[in-house]
Amino acid sequence: MSIKIHLPRSIIYLGTAAVTLILIIFLYSANRDNGSRSLQKMQRESYLLGTIIRITLYGEDSKKLNNVLDLSMKEIERLENLLSVNIPSSDVSLVNRASGEYPVKVSEEAGSLLERAIEWSERTGGAFDPTVGKIVKLWGIGTESAAVPDPEQLKEAVDMTDFRKVSVLHEVNGTFVQTAKGQRIDLGGIAKGYITEKVKALLINEGVSSALIDLGGNIAVFGSSPKPGKWKLGLQHPFMPRGEYFGIAEVSDVSVVTSGAYERYFESGGIRYHHIFDTATGYPALSDLASVTIISEDSTDADALSTALFVMGFERGISLLRELKNVEAVLVAKKTEGTIVYVTKGLSKGFLLKDPAMKKAPEVQ
Ligand code: FAD
Ligand code: MG
């Protein structure tokens with residue numbers, strides 16, 4: 001069976017962690033006059049977390065903004081070193097190398113993020129599960145060795161995927177993680193959200209009053225938009241080339257996170273295999289959703305939820321959304337009658353559908 005990576009590796013990496021999403025951000029040019037003061041726009045772009053990240057700050061003191069951008073990049077590198085499954089010295093790798101043989105001492109931060117991941121696993125009935133690591137590794141999606149795994153090995157990986165078997169213990173001498181034997185943790189579905197929150201906290205602490213943080217499509221905005229009114233974010237069209245959007249969300253002081261199957265995948269035997277897995281089968285989730293965008297105050301929650309809802313599909317996803325407070329969503333669903341866009345009630349006035357071929361469904365909350 002021939003296996004072909006859809007895009008050259010370099011391009012995959014560009015899209016990759018951007019995997020997800022989204023956004024074309026409609027920003028005005030560098031400076032704008034804010035009454036009597038001129039606001040500077042300072043932007044920094046880098047390749048971290050397996051993706052292109054971009055932080056944009058607005059303020060009056062460009063030297064200070066530049067220093068804050070330095071600090072932000074250092075913070076992202078620090079957290080990547082703690083949470084990446086690809087860095088051998090990370091806390092996640094330490095846990096994975098122990099492979100359940102003994103409890104592993106980790107930073108309080110990594111332990112607490114794993115606890116939040118487990119909380120979302122409980123709330124989503126395991127649709128989101130940070131012990132998905134063995135499945136993720138077997139498929140290798142986004143790497144040059146991406147391939148359909150051997151069914152026996154995949155079954156073993158599925159058997160090891162169970163968040164209930166993980167304990168995080170906060171002891172007087174530190175935080176410890178104990179997994180079941182053979183389990184492998186992967187925080188790829190939640191860590192970009194957490195890192196976004198940490199960068200936001202740093203920016204606020206440093207006195208930045210207006211910013212856009214984009215960690216490969218994991219977006220957060222706060223403060224006033226460079227354009228009058230709210231921030232306007234274009235949501236990536238799931239069936240069109242990058243940069244084509246199907247709608248615009250008008251938001252302020254929130255995080256906007258999208259999960260979809262349309263960027264990080266490979267093809268084998270004419271079948272497309274994407275990177276968000278159904279933990280019950282070990283195969284890419286056969287979702288009736290083409291993309292899930294979650295808009296919420298907290299980016300960690302939005303990241304976990306966007307991945308979870310993609311796995312859960314439309315009906316279960318809507319049920320969960322109805323239980324949640326202060327969470328808005330835009331779901332693009334593939335239905336027999338065509339592509340339907342569902343927008344939660346709280347966002348309906350702040351969402352503009354741009355693709356005439358898509359039909360806006362009734363409000364769902
Ligand atoms: P999301 O929907 O947010 O998450 C999908 C990811 O979650 C999958 O890639 C998988 O890791 C995991 N996942 C899949 N199914 C489930 C499930 N059912 N439950 C829970 N989790 C699931 N990419 C690289 O190519 N190279 C790197 O070196 C690299 N380093 C990274 C380091 C860090 C700290 C982080 C946070 C990400 C890194 N990435 C890297 C990107 C990462 O591999 C994923 O591409 C990215 O996190 C997926 O995010 P997403 O927004 O595309 O999709
Ligand atoms: Mg996610």
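How many of the eight residues of β16 are buried? In this predicted model, for which local features need pLDDT of at least 70, side-chain atom pairs count only at pLDDT 80 or more, and totals for chains, interfaces and linings use all residues, residues are numbered from 1 along each chain as its sequence is written. Chains are lettered from A and ligands numbered from 1 in the order in which they are written, while side-chain values use heavy atoms, with hydrogens and water left out.

Eight of the eight residues of β16 are buried, so this strand is largely enclosed by the rest of the structure. Buried denotes under 20% relative accessible area, exposed over 50%, and partly exposed the range in between (1.4 Å probe, protein chains only). Strands (E, at least two residues) and helices (H or I, at least four) are DSSP runs numbered from the N terminus, and two strands are taken to pair if DSSP finds at least two bridges between them. Strand β13 (residues 254–260) pairs with β16 in the antiparallel sense over six bridges, T258 standing opposite T293 in β16. An antiparallel arrangement also relates β16 to strand β17 (residues 327–335), through seven bridges; here T293 stands opposite V330 in β17.

The loop between β15 (271–274) and β16 (289–296) contains S287. S287 is buried, its relative accessible area being 9%. The side chain of S287 reaches the backbone oxygen of F310 at 2.7 Å, a polar contact (a pair of N or O atoms within 3.5 Å; within protein, one must be able to donate a hydrogen and the other to accept it, and residues adjacent in sequence count only if both atoms are side-chain atoms). When residues up to four places away in sequence are not counted, S287 touches F310, G313 and K334, contact meaning heavy atoms within 4.5 Å.

The magnesium ion (ligand 2) is coordinated at 2.0 to 2.5 Å by G189 (O), D303 (O), D303 (OD) and T307 (OG1). Donors are N, O and S atoms within 2.8 Å of the metal (3.2 Å for Na, K and Ca); water is not among the atoms, so sites may look incomplete. Along the chain, the donors of this ion follow the spacing G-x113-D-x3-T. D303 and T307 are separated by about one helical turn because they are four residues apart in helix α8 (residues 299–323). Both D303 and T307 are buried.

A search of the whole structure finds eight aromatic pairs. Rings of Phe, Tyr and Trp (its six-membered ring) pair if their centres lie within 6.5 Å, with planes under 30 degrees apart counted as stacked, over 60 as edge-to-face and the rest as tilted. Y58 and W231 form a tilted pair, 6.2 Å centre to centre with 55° between the planes. Since Y58 lies in strand β5 (residues 51–59) and W231 in strand β11 (residues 231–236), the pair ties together parts that are 173 residues apart in sequence. Y58 and W231 are both buried. Ring pairs also link W139, F266, Y273, F277 and Y283 into a cluster. The charged end of R272 sits over the ring of Y265, 4.0 Å from its centre; this assignment requires NZ of Lys or CZ of Arg within 6 Å of the ring centre and within 35 degrees of the ring normal.

β11 also pairs with β12 in the antiparallel sense over six bridges, Y245 in β12 being the bridge partner of Q236. Strand β12 (residues 245–251) is mostly covered, with five of its seven residues buried. Three bridges join β12 to strand β19 (residues 351–353), again in the antiparallel sense, and I248 has L352 in β19 as its bridge partner.
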